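Trainee: Please show me how to read a new structure.
Mentor: Gladly; take a look first.

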Amino acid sequence: MGQSGRSRHQKRARAQAQLRNLEAYAAQPHSFVFTRGRAGRSVQQLSLDVRRVMEPLTASRLQVRKKNSLKDCVAVAGPLGVTHFLVLSKTDNSVYLKLMRLPGGPTLTFQINKYTLVRDVVSSLRRHRMHEQQFNHPPLLVLNSFGVQGMHIKLMATMFQNLFPSLNVHTVNLNTIKRCLLINYNPDSQELDFRHYSIKVVPVGASRGMKKLLQEKFPNMSRLQDISELLATGVALSESEVEPDGEHNITELPQAVAGRGNMQAQQSAIRLTEIGPRMTLQLIKIQEGVGNGNVLFHSFVHKTEAELQAILAAKEEKLRLKAQRQNQQAENLQRKQELREAHKKKSLAGMKRARAGADGDSDAEDPGAPPEAAGASQNEEEEDDAEYFRQAVGKEPDEDMFPRVGKRRRLGGPPGKKQRGKEQRPGSGKGQGGNWRPPKPKGRFQGVKTKLGARRQDTGRPSRT
């Protein structure tokens with residue numbers, strides 16, 4: 001049997017391709033879309049619709065709790081590679097959208113003057129075209145009328161461009177472009193029109209009957225005698241199926257596109273169908289940081305140069321005081337740490353001295369024992385030395401060698417103790433003469449010996465004595 005599966009080179013190539021895809025996916029911009037505060041049902045649904053627009057490079061199932069702060073979201077976004085936040089909020093006056101660039105800003109705040117949800121847009125259309133395969137790739141971003149002079153206009157255009165991955169027109173695959181996001185700027189009203197469309201490519205230059213045959217749903221030809229009637233006259237086709245194609249949406253395809261009749265170098269029409277949501281935005285202000293920082297631009301508040309300098313000086317003073325407090329806090333922490341270490345060393349030294357005193361190895365000066373106890377101990381030591389001398393030499397020591405023992409012997413010994421007498425040797429006792437016998441054993445061996453002697457007497461055998 002031959003080897004089943006892929007070869008070693010095929011597995012290596014597949015692993016390398018997966019690694020390249022992961023690196024390319026990580027290099028693309030990612031986003032979080034969520035609400036803050038009491039937004040309400042409509043704004044909550046609007047955030048879900050905007051999240052649908054940003055797919056697949058967004059967290060589709062993101063859940064942000066009330067106790068989660070913006071700092072928590074920023075801390076989570078770093079390891080996940082998230083580059084943008086789209087935060088919707090609602091006040092008593094209006095609904096706002098904040099577009100934040102991570103990790104250092106800027107933050108663009110828009111006021112949502114009008115908005116329409118996806119369900120309202122789809123219900124207003126007679127025929128809508130939306131399926132799940134359209135959201136497997138990011139939409140194509142189209143910016144219109146952003147060439148007006150102004151730094152805030154250029155910053156807005158740059159922020160919207162960085163929301164989606166860049167495209168190379170020479171290597172892009174047209175089959176991956178299924179949606180289109182149009183952002184139009186109106187210089188007169190200074191408003192932005194946010195529109196989301198579905199893209200459909202159909203061939204042109206064919207009759208209505210031929211287009212019907214090319215569609216997935218085959219037409220009803222029960223009333224026709226021949227198929228030529230369908231191709232020639234277009235019977236059983238409604239007028240609503242006729243699309244207003246023209247020069248504005250007809251182009252020559254540089255490559256084949258998925259769909260019947262969309263061949264390379266053939267004329268095809270690009271048709272857009274709005275799928276929502278729909279918003280009308282107005283830029284309010286631009287901040288330097290993420291949710292806070294210096295205000296770089298404001299639509300309603302304009303300050304003079306002197307006011308800006310005063311604000312800058314106040315901010316510098318605030319930063320200086322903050323740095324001073326931080327330095328003082330660091331010094332206090334260092335001082336407390338040193339005191340804690342000194343107290344620890346002192347405590348360990350005291351514990352060491354106490355342990356050494358308990359073991360008798362303390363270096364501290366010993367006050368000594370009471371005189372009575374000292375004398376008693378010295379007497380005992382001299383008695384032990386004298387006894388050792390008797391056993392080693394075999395005679396009594398002189399009185400000069402152990403004066404305390406000699407003095408005690410003259411006085412009759414210490415009170416409460418019996419005076420030791422010399423053991424009498426055999427034959428030297430008074431009145432005994434030479435009939436000395438060893439003493440009888442005492443204790444448990446006495447009875448044992450008596451029983452053994454009795455047994456020997458009973459058996460008639462001579463006992464060993």
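Predicted model: local features only at pLDDT ≥ 70, side-chain atom pairs only at ≥ 80, totals over all residues.

Trainee: How many cavities of 30 Å³ or more does a search of the whole structure find?
Mentor: Rolling a probe the size of a water molecule over the atoms shows where empty space is left. A cavity is a set of points, on a 1 Å grid over the protein atoms alone, where a 1.4 Å probe fits but cannot get out. Here the search finds one of 30 Å³ or more. The largest cavity holds about 110 Å³ of space. The volume is the space filled by probe spheres set on the points.

Trainee: Which residues are closest to the centre of the largest cavity?
Mentor: Lining residues have an atom within 4 Å of a point. There are 14 of them, and Leu-86, Leu-97, Phe-160, Leu-163 and Phe-194 are closest to the centre. The lining has 14 nonpolar residues, no polar and no charged. Nonpolar covers Ala, Val, Leu, Ile, Met, Phe, Trp, Tyr, Cys and Pro. Strand 3 (95–101), strand 6 (179–186) and strand 10 (278–287) each supply at least two lining residues. Strands are DSSP runs of E, at least two residues; helices are runs of H or I, at least four.

Trainee: What is the nearest side chain of opposite charge to Arg-51?
Mentor: A salt bridge puts a side-chain nitrogen of Lys or Arg within 4 Å of a carboxyl oxygen of Asp or Glu. Buried means under 20% relative accessible area, exposed over 50%, partly exposed in between (1.4 Å probe, protein chains only). Arg-51 sits in helix 2 (residues 41–53). Arg-51 is buried yet has no salt bridge; the nearest opposite charge, Glu-55, is 7.3 Å away. The Arg-51 side chain does reach the backbone oxygen of Ser-60 at 3.1 Å.

Trainee: Where does Glu-55 find a salt bridge?
Mentor: Glu-55 pairs with Arg-52 (3.3 Å, N to O). Glu-55 counts as buried because its relative accessibility is 12%. Arg-52, at 27%, is partly exposed.

Trainee: How many salt bridges are there by this rule?
Mentor: The count is five. Among them, Arg-390 meets Glu-387 (2.9 Å, N to O). Arg-390 and Glu-387 are three residues apart in helix 9 (residues 371–393), so about one helical turn separates them. Shared partners also join Arg-52, Glu-55 and Glu-132 into one network.

Definitions and conventions
Residues numbered from 1 in each chain as written. Heavy atoms only, no water. 1 Å grid on protein atoms, 1.4 Å probe; cavity = no way out; pocket = protein on both sides within 12 Å on 5 of 7 lines; lining within 4 Å. Lys, Arg positive; Asp, Glu negative; His and termini not counted. Polar contact = N/O pair within 3.5 Å; in protein donor to acceptor, adjacent residues only side chain to side chain.
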